[in-house]
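Subject: Structure handover

Hello,

Here is the structure I promised to pass on. Please open it first, then read the notes below.

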Amino acid sequence: MTRTLKAARYAKDVDPRFTTFLTGTLPFLSFNEAMAFYSEYLPRLTPSELALLGCNDRFFLLTGLCNRPDAIHPWVYDRAREVEADPYGYLDLWARGHYKSTLTTFAGTIQDILIEPETTIGIFSNTKDIAKPFLSQIKEELERNEDLIRLYPDVLYANPRKESPKWSVDEGIIVKRVGNPKECTVEAHGLIDAMPTGRHFRKLKYDDVITEKNVTNPDQIRKTTERVELSDNLGSGPGTTKEFVGTRYSFADSYGHMIEHGIVKPRVYPATDDGTLEGQPVLLTPEAWEEKKRSQRSSIAAQMLQNPLAGHENTFRTKWLSAYWVRPSLMNVYIMADPSKGRSRSSDRTAMAVVGIDSAGNKYLLDGVCHRMSLSDRWETLKKLRLKWLDHPGVQNVKVGYERYGMQSDDEYFAEKMRLEGASWDLIELNWTGEVGRQSKTHRVERLEPDFRHGAFFVPAKVYHPAVEGHVAVWSIEDGADEIVYEPVRGLHQIERRVKAQGEHHRLLQPIRRKDEDGKLYDLTRVLFEEYRFFPFSPRDDFIDAVSRVYDMEPMPAVIYETLRVEDYPDA
């Protein structure tokens, strides 16, 4: 196994055996073996060899060339080798003070510049004030570190404050380069307050996207998550790389959203070997760890163990989710529609939720949609959902509710369509108490909490999942875990087999698979999962809000009527 040689321009005056060692041996040495190599060979290396070593060995770059002997530790060494070998597409969640920003945002950025001076790098934090210190540290290192300036004269200015076209924390820094893009070599920006326009970076680095100051504010979490998604437009194209570094403060933060959607692969390293308070510290001394436990009681789970109390701030708990395999034999059906005509990209999805209520008062997610729709699409979808469930065996009653009915153009359009099609059915206006804004929605959705908590709200056991074999999966929650696990369907569940044997095929389930406005498939149950698990922090909550509007419909359980048989009344 070998690694690709980086910054090969420095290898022209280097013994080929040394380059072979850099790519085939050094990356796989243990800490003690690497320290023995440094001790014996560093004094003998030529400037070209040292320059090449710095571009291919991040641990040496940090501890040797950047004069950080504090990072000389086996655990830090292992992390340096890991992130250098596989830096992109990960979210590095490590204990605070365990060198994650030092190895990635600091040493990693410097290494990227030395390897490819033509690169452009954007460092993004929650705000620009948080991002600027990262750039400031890099800037000062590149202007004051005489070893770096001596070894990399083709990249670094001897006096960048005078020689560089731009050299400031506010505007960015530029090293020696042939090209003249409008982007600096490195710039620092905030996702919330200073998102740049017209910039396109080759590398995007995210550090401290979420902070302890905004993690308890659902609107800030939602906005941050949206801005991370929007920052995709700041890449330079398909070859753009992304690196994420952070600390968990809540399972419902923006990192949770990225993990849930597979945007990043989490690389988690707590402060102890087993991730518990009682475990052995991996970097701190036992004495320092005991002091942390005494002084950081309220934050140690999140900042040091990367394991914030699961769902502590959330409305719902993942463990409350209950699956159903077959539809009830008897139920009332309620259809709730919200056109959600907000202006932002995250708030203009039309949500239609179909909920059934059985004779015991249990609720079931049956059907629906959640994507952007035109007015005509809203009418056709609502009409088809109503007709579908009116014709479904065992359904006693179907009621349809519509948000803002009578206040916008939808009602006029619907009334005209009913007249032209010869249809006539009640469209109930979904009313709330008159509150407006985020608080109103939060209170509406919170009405679902008792049903989920007490196992009285069920969602389909089968979902569409493109990453699972066959694309149809069964979901489950492992004991003691907060994550939903998806496995391929391997056959009919025993409940399904029994219902099928009874000839009640209409009660069998299929995933609620839908196509959005771009023709992309999505699963409605998984949409609910996302909004449910992270509410009220989720960047989108259209569908769970529509589900909660079942309480505006005066819902009633299905009624089991007594069946009279002639043989029971012989005198009749």
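The chain has 20 helices and 20 strands. Helices (H or I, at least four residues) and strands (E, at least two) are DSSP runs, numbered from the N terminus. Please note that this is a predicted model: local features need pLDDT of at least 70, side-chain atom pairs count only at pLDDT 80 or more, and totals for chains, interfaces and linings use all residues. Residues are numbered from 1 along each chain as its sequence is written, and side-chain values use heavy atoms, with hydrogens and water left out.

Overall picture

Along the principal axes, the C-alpha atoms fill a box of roughly 115 × 50 × 45 Å. Of the 572 residues, 52% are buried. Buried means under 20% relative accessible area (1.4 Å probe, protein chains only); exposed is over 50%, and partly exposed lies in between. The accessible surface is about 26300 Å² (Shrake-Rupley method, 1.4 Å probe). Carbon and sulfur atoms hold 49% of that surface.

Contact means heavy atoms within 4.5 Å. Among contacts with a separation of 6 or more, 70% join residues 24 or more positions apart.

The cores

A nonpolar core is a set of buried Ala, Val, Leu, Ile, Met, Phe, Trp, Tyr and Cys residues joined through side-chain atoms within 4.5 Å. The largest one has 62 residues. Phe316, Val333, Leu382 and Phe543 have the most contacts inside it. Apart from this core lies another, of 57 residues, including Leu45, Ala51, Ile173 and Ala188.

Phe543 deserves a look. Leaving aside neighbours within four places in sequence, its contacts include Ala351, Met352, Leu365, Val369, Leu524 and Leu528. Asp367 and Glu531 are also in contact with Phe543.

Strand S2

Strand S2 spans residues 121-125. Five of its five residues are buried, so S2 is largely enclosed by the rest of the structure. Ile121, Ile123 and Ser125 point one way, while Gly122 and Phe124 point the other way. In general, side chains in a regular strand alternate between the two faces of the sheet.

S2 has parallel partners (two strands pair if DSSP finds at least two bridges between them). With strand S5 (residues 186-190) there are five bridges. There, Ile123 has Ala188 as its bridge partner. With strand S6 (residues 203-207) there are four bridges, and Ile123 stands opposite Lys205.

Helix H3

Helix H3 (residues 47-56) is mostly covered, with eight of its ten residues buried. Among them are Glu49, Leu50, Ala51 and Asn56. What covers the buried residues of H3 includes helices H1 (16-24), H4 (58-65), H5 (74-85), H6 (100-115) and H8 (146-151).

Two single residues

Glu141 sits in helix H7 (residues 128-144). Its relative accessible area is 17%, so Glu141 counts as buried. Beyond its neighbours within four places in sequence, Glu141 is in contact with Cys66, Phe106, Ile110 and Leu148.

Gly172 is in strand S4 (residues 172-173). Gly172 is buried too, at 0% relative accessibility. Leaving aside neighbours within four places in sequence, Gly172 is in contact with Leu135, Lys166, Trp167, Cys184, Val186 and Glu187. Glu416 is 244 residues from Gly172 along the chain, and their C-alpha atoms are separated by 59 Å.

Best wishes
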